[in-house]
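This report looks at charged pairs, then at pockets, then at DNA contacts. Please keep the sequence and the model in view while reading.

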Amino acid sequence: MNRLHHHFYRRDARTVARELLGQVLVTIVGGSRTSGIIVETEAYLGEGDQASHSRNGPTDRNRAMFMAGGHVYVYFIYGMYYCFNVVTGPEGSGEAVLVRGIEPLEGIEVMRQRRERPGNSTAGLADGPGKLAIALGIGPELNGADLATDHRISIEGGTAVPDERLLVTPRIGITKSVEHHWRWICAPPGR
DNA sequence: CCTGCGATATTCT
DNA sequence: GAATATCGCAGGC
């Protein structure tokens, strides 16, 4: 498969969030390759988006969010979880896409072990931002990585998802700038 | 199916 | 002190 490159990421976060659905997020961590199809994303902009970590400019925590599109922004939340973001737009814009869900593809047994979720089903393995970070072995060491060149993480071109299979909703877990509907999710299978 | 709550650490006010 | 881009479990329907 073809790794996505800078021209894909250096656009508006809302465009990238929409087009990331159906692409394949791959990590090679601890000798294990794991991957999944991206099925849920949210866009966060820079100045003016009061729900965005970048709203007050660069800090030690959000520094990677101001890198050029195509880098990785990983943040720690609720004292327990890491969340994976794809930085978008030009350098300094402070935009990113939070990847909130994947459909497991490769390395499912490894994901199960990392998640401490025995069983045969992939249901619930990586259907949330904290869950997919654990399942894919994503931690703070990947903050600032370049998705175009890093050997540990990449996004590969998958199958585009047509508009009729998408839902667009408000973003989850925020209390500010709730009027923006910047969450994209693949509709449940069937029907 | 749904709702509520505790865990736990960093950042913000 | 309060809030936070979350999750898993308990309990009620």
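## Salt bridges

Arg152 and Asp150 form a salt bridge, with 2.9 Å between the closest N and O atoms. A salt bridge here is a side-chain nitrogen of Lys or Arg within 4 Å of a carboxyl oxygen of Asp or Glu. Arg152 is partly exposed at 32% relative accessibility. Asp150 is buried at 15%. Buried means under 20% relative accessible area, exposed means over 50%, and partly exposed lies in between (1.4 Å probe, protein chains only). Elsewhere, salt bridges with shared partners link Glu40, Glu42, Arg100 and Arg183 in one network. The count by this rule is twelve salt bridges.

The model is predicted: local features need pLDDT of at least 70, side-chain atom pairs count only at pLDDT 80 or more, and totals for chains, interfaces and linings use all residues. Residues are numbered from 1 along each chain as its sequence is written, chains are lettered from A and ligands numbered from 1 in the order in which they are written, and side-chain values use heavy atoms, without hydrogens and water.

## Two further pairs

Side chains of opposite charge can pair when their charged atoms come close. Asp163 and Arg18 meet in a salt bridge at 2.8 Å, N to O. Asp163 sits in the loop between strand E6 (153–156) and strand E7 (166–169), and Arg18 in helix H2 (residues 13–20), so the pair ties together parts 145 residues apart in sequence. Helices (H or I, at least four residues) and strands (E, at least two) are DSSP runs, numbered from the N terminus. Asp163 is exposed, with a relative accessible area of 56%. Arg18 is buried, at 19%.

Arg14 pairs with Asp12, and their closest N and O atoms are 2.8 Å apart. Arg14 is partly exposed at 31% relative accessible area. Asp12 is also partly exposed, at 27%.

## Largest pocket

The largest pocket has a volume of about 540 Å³. Its lining holds 25 residues, and Tyr75, Ile77, Ile172, Gly173 and Ile174 lie nearest its centre. Two or more lining residues come from each of strand E2 (32–44), strand E3 (72–77), strand E4 (81–88), strand E5 (95–106) and helix H4 (129–135). By class, the lining has 14 nonpolar, seven polar and four charged residues.

Pockets are found on a 1 Å grid over the protein atoms alone: a pocket is an open set of points where a 1.4 Å probe fits, with protein on both sides within 12 Å along at least five of seven lines, and lining residues have an atom within 4 Å of a point. Grid points are joined across faces, edges and corners, and a volume is the space filled by probe spheres set on the points. Ala, Val, Leu, Ile, Met, Phe, Trp, Tyr, Cys and Pro count as nonpolar, Asp, Glu, Lys and Arg as charged, and the others, Gly among them, as polar.

## Second largest pocket

The second largest pocket holds about 460 Å³ of space. It is lined by 27 residues, with Ile37, Val39, Glu103, Arg165 and Cys186 nearest its centre. E2, E5 and strand E8 (183–186) each supply at least two lining residues. E5 gives the most, with five. The lining divides into 16 nonpolar, six polar and five charged residues.

## DNA strand C

DNA strand C is surrounded by 21 residues, the closest being Tyr75, Asn85, Arg115, Gly130 and Thr175. Sugar and phosphate make up 57% of its atoms within 4 Å of the protein. A residue is near a strand if one of its heavy atoms lies within 4 Å of it. E3, E4, E5 and H4 each supply at least two residues of the surface near DNA strand C. H4 gives the most, with three. The classes are eleven nonpolar, six polar and four charged.

One lies 2.6 Å from a side-chain N or O atom of Arg115. A polar backbone atom of Gly130 is 2.8 Å from a phosphate oxygen. For a side-chain N or O atom of Thr175, the distance to a phosphate oxygen is 2.9 Å.

## DNA strand B

Arg61, Phe76, Tyr78, Gly79 and Met80 surround DNA strand B. These divide into three nonpolar, one polar and one charged.

Technical notes:
A polar contact is a pair of N or O atoms within 3.5 Å; within protein, one must be able to donate a hydrogen and the other to accept it, and residues adjacent in sequence count only if both atoms are side-chain atoms.
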